[in-house]
Amino acid sequence: MRFAKGLKAILAVSILACAGSSYAAACGTGSTPPSGGLNTTDMVINSISATNCFGTFDSGSSSLATMQTYVNNNSSNFFGGGWTGVVKDDAGGGSTEGNNIFNGIQFALSALGNNTFTLNLTDTNPSAPLNLPATFDLLGVLNGGNVDAAYFFDDILLDTSNNGSYTISFKNNGGQIPGLSHLDILVRDGRNTNVPEPGPLSLLAIGIMGFMWVRRRNQLNA
């Protein structure tokens with residue numbers, strides 16, 4: 001009987017471990033405004049929808065630098081932190097902001113109106129890595145009025161020119177869908193950002209070793 005209980009406990013641990021851990025499900029209704037709701041399909045780059053999203057929220061940010069500080073100071077909500085703000089563009093192709101350079105790659109953003117934008121990349125150090133095409137983690141932050149929404153792209157492959165679209169599905173404090181004020185782009189190296197989680201085979205091996213340990217213990221206690 002003790003053997004059966006031990007095996008049950010190991011199986012339970014193995015099943016829980018197989019579920020793994022991931023970023024908190026951030027898409028959904030935010031607190032500012034209460035009726036806000038987001039979907040990963042709200043932002044698309046090269047026909048690829050966002051991996052996850054977070055919002056709505058009020059960062060109080062009016063510049064790319066303050067947005068970078070905000071998301072990194074709230075890293076648990078923004079998919080691990082470590083972000084570098086590379087470019088900001090006002091709606092309709094207005095003024096741009098940002099150092100634009102990350103690991104030798106220059107980013108240029110153009111919001112084209114009618115919910116579309118282009119993100120152009122230029123390799124400024126062709127003889128050294130990072131070379132295009134390159135894999136990035138990317139965070140696109142939409143601002144409409146005083147409301148923000150962040151869209152996370154995990155390990156997205158980007159080349160020299162990347163077309164995108166967005167949908168503002170949240171409402172401002174007046175209960176209306178706002179127009180785009182500006183779009184911020186933040187990036188980090190997508191190749192080595194996350195520590196791999198244990199795979200199913202590794203977890204199975206752990207379960208088998210635990211099973212053998214319990215069996216050996218019960219034989220000694222018999």
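1. Which residue in β10 is the bridge partner of Leu139? It is Phe152. Before going further, please keep in mind that this is a predicted model, with local features needing pLDDT of at least 70, side-chain atom pairs counted only at pLDDT 80 or more, and totals for chains, interfaces and linings using all residues. Residues are numbered from 1 along each chain as its sequence is written, and side-chain values use heavy atoms, with hydrogens and water left out.

2. Leu139 also has a bridge partner in β12, namely Leu186. Behind these contacts are two antiparallel pairings of β9: ten bridges link β9 to strand β10 (residues 147–158), and eight bridges link β9 to strand β12 (residues 182–189). Strands here are DSSP runs of E with at least two residues, helices are runs of H or I with at least four, and both are numbered from the N terminus. Two strands pair if DSSP finds at least two bridges between them.

3. Strand β9 (residues 134–144) is largely enclosed by the rest of the structure, because ten of its eleven residues are buried. Buried means under 20% relative accessible area, exposed over 50%, and partly exposed in between (1.4 Å probe, protein chains only). Where β9 and β10 form their hairpin, two residues sit between the strands, and Gly145 takes a positive phi near 70°.

4. Asp137 belongs to strand β9 and Arg188 to strand β12, so the pair ties together parts that are 51 residues apart in sequence. Both Asp137 and Arg188 are buried.

5. Elsewhere, six strands make an open sheet with antiparallel pairing, in the order β2-β1-β11-β8-β7-β6. Its edge strands, β2 (48–49) and β6 (101–102), each pair on one side only. Within the sheet, three bridges join β1 (residues 43–45) to β11 (residues 161–166), and Ile45 stands opposite Gly164 in β11.

6. Finally, helix α2 (residues 64–73) has Leu64, Met67 and Val71 as its buried residues. They share one side of α2 because they cover an arc of only 55° around the axis, using the directions from the helix axis to the C-beta atoms. The face of α2 turned away from that buried side carries the exposed residues Ala65 and Asn73.
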